[in-house]
Amino acid sequence: MRIIIILFICVLFSNCNGKSDKLSTFNNLKNTVWIDSLCNEFHFKDSTFIKKRLFEKESNLDEVGKLKLHDDIELLFIDDFDKIKKYYLKSELKEKLEFIPLDKYLNNITLFKKDSIKKSGLEILELKLKIRPFFLSSSGLRDLTITQDKKIEYRRAENKYELKTVTFSDSTFNQLEKYLEILQLDKYEDKYEFASFDGAKYELNIKTNLYTKTIECTQLPTEGLWNLISFIDYKLQTE
């Protein structure tokens, strides 16, 4: 009888320690900032999960979920179709967070500390982008070339395809190389085909000192590629 009581106390003590550790992790997550491999930035504002692209201002933060503490630390994530998906925190609170989905067909949500991304020494030699909308009336970038001397040549539909030339600042060019390190485009598929009816064909050709890669997307770009294009376009308009 005494052994049973001792075992019961040990189990109870273990459960209490487990709940205490999860409560501590839950509280430590509040007001922290993380990034993913698609160049998105995530903020835990208390228990609210907020997202923006890395280059966007704080005013562009969008709420994409809630953090809950029950038996486990849960993330109620709002997907692109406004449906709530449930995830559980797997990893400890260090330089990486891993949220595991309840639905086995969904991918994990993996987040990193901003300063935990190790520099690979990547240098841009040449980056070329072609965008061909299926509707000719569409505006925006059409052709863009970036070279290692930081010069950019590009054409826009709204400017009657006139060739423009600018030079990125050192800080912007370094930021672009940092984005490429985060995105790891060398691990992307060569071709992506998405279902749509009014999209465009995207082709990215990139040469670096570490790899050469061509990525084609039909109808829509991948989220990582779209974030890269948006960053470049934003800098073209603000430099």
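Which residue in E10 is the bridge partner of Leu129? In E10, Leu129 has Leu144 as its bridge partner. The model is a predicted one, in which local features need pLDDT of at least 70 and side-chain atom pairs count only at pLDDT 80 or more, while totals for chains, interfaces and linings use all residues. Residues are numbered from 1 along each chain as its sequence is written, and side-chain values use heavy atoms, with hydrogens and water left out.

The protein has 3 helices and 15 strands; helices (H or I, at least four residues) and strands (E, at least two) are DSSP runs numbered from the N terminus. Of its 239 residues, 37% are buried, where buried means under 20% relative accessible area, exposed over 50% and partly exposed in between (1.4 Å probe, protein chains only). Among contacts with a separation of 6 or more, 46% are between residues 24 or more positions apart; a contact means heavy atoms within 4.5 Å.

An open sheet of 7 strands runs in the order E12-E11-E10-E9-E14-E15-E13, with mixed pairing. Its edge strands, E12 (164-167) and E13 (191-193), each pair on one side only. Neighbouring strands of this sheet are turned by 10 degrees against each other on average, direction ignored. Strands of a sheet pair through backbone hydrogen bonds, either parallel or antiparallel; two strands are taken as paired if DSSP finds at least two bridges between them.

Strand E9 (residues 124-133) pairs with E14 (residues 200-208) in the antiparallel sense over 9 bridges. Ile124 has Thr208 of E14 as its bridge partner, and Arg132 stands opposite Lys201 in E14. E9 also pairs with E10 in the antiparallel sense, over 5 bridges.

Helix H2 (residues 170-183) lies across E9, E10 (141-147) and E14, and runs at about 75 degrees to E9. Axes here are lines fitted to C-alpha atoms, for helices over the stretch in contact, and angles run from 0 to 180 degrees between N-to-C directions.

Helix H3 (residues 223-238) contains Lys235. Lys235 counts as buried because its relative accessible area is 15%. Leaving aside residues up to four places away in sequence, Lys235 touches Phe168, Thr172 and Gln175.

The description now turns to pockets. On a 1 Å grid over the protein atoms alone, a pocket is an open set of points with protein on both sides within 12 Å along at least five of seven lines, and lining residues have an atom within 4 Å of a point. Grid points are joined across faces, edges and corners, and a volume is the space filled by probe spheres set on the points.

The largest pocket has a volume of about 1400 Å³. It is lined by 38 residues, of which Leu38, Lys51, Phe77, Asp80 and Glu223 are the closest to its centre. Elements that each supply at least two residues of this lining include E2 (40-45), E3 (48-53), E4 (62-69) and H3. By class, the lining has 18 nonpolar, 9 polar and 11 charged residues; Ala, Val, Leu, Ile, Met, Phe, Trp, Tyr, Cys and Pro count as nonpolar, Asp, Glu, Lys and Arg as charged, and the others, Gly among them, as polar.

The second largest pocket has a volume of about 310 Å³. Of its 20 lining residues, the closest to its centre are Ile131, Ser139, Gly140, Tyr202 and Trp226. E9, E10, E14 and H3 each supply at least two residues of this lining, and the largest share, 6 residues, comes from H3. The lining of the second largest pocket divides into 9 nonpolar, 8 polar and 3 charged residues.

Note on methods: On a 1 Å grid over the protein atoms alone, a cavity is a set of points where a 1.4 Å probe fits but cannot get out, and a pocket is an open set with protein on both sides within 12 Å along at least five of seven lines; lining residues have an atom within 4 Å of a point.
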